[in-house]
Amino acid sequence: MKFEEEYYGITATNYENRRKDMKDWNNEEAALQKIISELSVVGHKKLCILDLPCGTGRWIPHLKPIADTYFGVDISKDMIAEAKKKITDIEFPCNFFEDTWLDYLTRTEDKVDLIISTRFLMSWDKKTSRNILELMAQKSQRFLILEIRITESRIEQLKLLFSMLIFRPKRILYRLKNYPGNLTKSQLKTFYLNLLKKYNYSLKKEFLIKESNHSKLVIWFLESNNSTF
Ligand SMILES: C[S@@+](CC[C@H](N)C(=O)[O-])C[C@H]1O[C@@H](n2cnc3c(N)ncnc32)[C@H](O)[C@@H]1O
């Protein structure tokens, strides 16, 4: 089943219960809580927030101190139905859109102050996730909270080393430029950060969610240099 078709029916109704005792779920909650308290200490005007994909709206109850308006976008009507159950005691306006990331980000022109995107970017190939990152960086004018997987394939690293020995440097540069999947963890991190830098975003904080030998899952809190916060 394709990622886009997975979150319907019982998968949507059981989504949070199946995950709420898992370490990475709780690390994500702790990271978001820290970022939200940092933003609320700043104490400025409240924010217009886009949660993409909103899923079951897990962040809605946490956003009270900083939310002026909330937009939740998700392809799954069943996940949105779960998210709507969370808004009974919520004072800020919550709006939901059953839409794809591509349609929503390219069709709507209004800017937001903050985009939250968790458990999403790592499900796409590098080219698509780059596209999503660029559209999100253009849509938000102040902050981004992004969960990113930085992977390192040893086989790819060996191939790269081998090509360095055999081919001309020009060829290596071409590979590094065009195949970010072949970069090592720190190179891939630099690649993503340079991409976001093009849109004036810089990394404020990184939270480690999960780590294995070849891959690291992190939440990045990025701030636009144009932000007046
Ligand atoms: C793993 S859940 C993450 C939900 C939430 N952000 C969280 O942290 O729990 C992935 C979500 O992406 C949504 N999704 C999948 N493909 C999508 C697409 N093309 N556009 C928008 N949402 C999509 C699914 O319906 C699902 O709710």
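Colleague: In which loop does Pro53 lie?

Modeller: Pro53 sits in the loop between E1 and E2. Helices (H or I, at least four residues) and strands (E, at least two) are DSSP runs, numbered from the N terminus. The chain has nine helices and seven strands. Two notes before we go on. Residues are numbered from 1 along each chain as its sequence is written. This is a predicted model: local features need pLDDT of at least 70, side-chain atom pairs count only at pLDDT 80 or more, and totals for chains, interfaces and linings use all residues.

Colleague: Thanks! What kind of peptide bond joins Leu52 and Pro53?

Modeller: A cis one, with omega about -5 degrees. Pro53 is also listed among the closest residues to the ligand, together with Tyr7, Gly55, Ser76 and Thr118.

Colleague: How many residues surround the ligand, and how does the shell divide by class?

Modeller: A residue is near a molecule or strand if its C-beta atom, placed from the backbone, lies within 6 Å of it. Here 15 residues surround the ligand. Ala, Val, Leu, Ile, Met, Phe, Trp, Tyr, Cys and Pro count as nonpolar, Asp, Glu, Lys and Arg as charged, and the others, Gly among them, as polar. The shell has seven nonpolar, four polar and four charged residues.

Colleague: On to the sheet. What is the order of the strands?

Modeller: Strands of a sheet pair through backbone hydrogen bonds, either parallel or antiparallel. Two strands count as paired if DSSP finds at least two bridges between them. In this model seven strands form an open sheet with mixed pairing, in the order E3-E2-E1-E4-E5-E7-E6. Strand E3 (94-98) and strand E6 (201-211) are at the edges with a single partner strand each, so one side of each has no neighbour in the sheet. From one strand to the next, the twist averages 20 degrees.

Colleague: How many bridges join E6 to E7?

Modeller: Nine, and E6 and strand E7 (residues 215-224) run antiparallel.

Colleague: Which residues of the largest nonpolar core touch the most other members?

Modeller: A residue is buried if 20 or more other C-beta atoms lie within 10 Å of its own, exposed if 12 or fewer, and partly exposed in between, with C-beta atoms placed from the backbone. A nonpolar core is a set of buried Ala, Val, Leu, Ile, Met, Phe, Trp, Tyr and Cys residues joined through C-beta atoms within 7 Å. The largest core has 52 residues, of which Ile49, Leu63, Leu114, Ile115, Leu144 and Ile145 touch the most other members. E5 gives the most to this core, with six residues. Of the 229 residues of the chain, 31% are buried.

Conventions
Axes fitted to C-alpha atoms, helices over the stretch in contact; angles between N-to-C directions.
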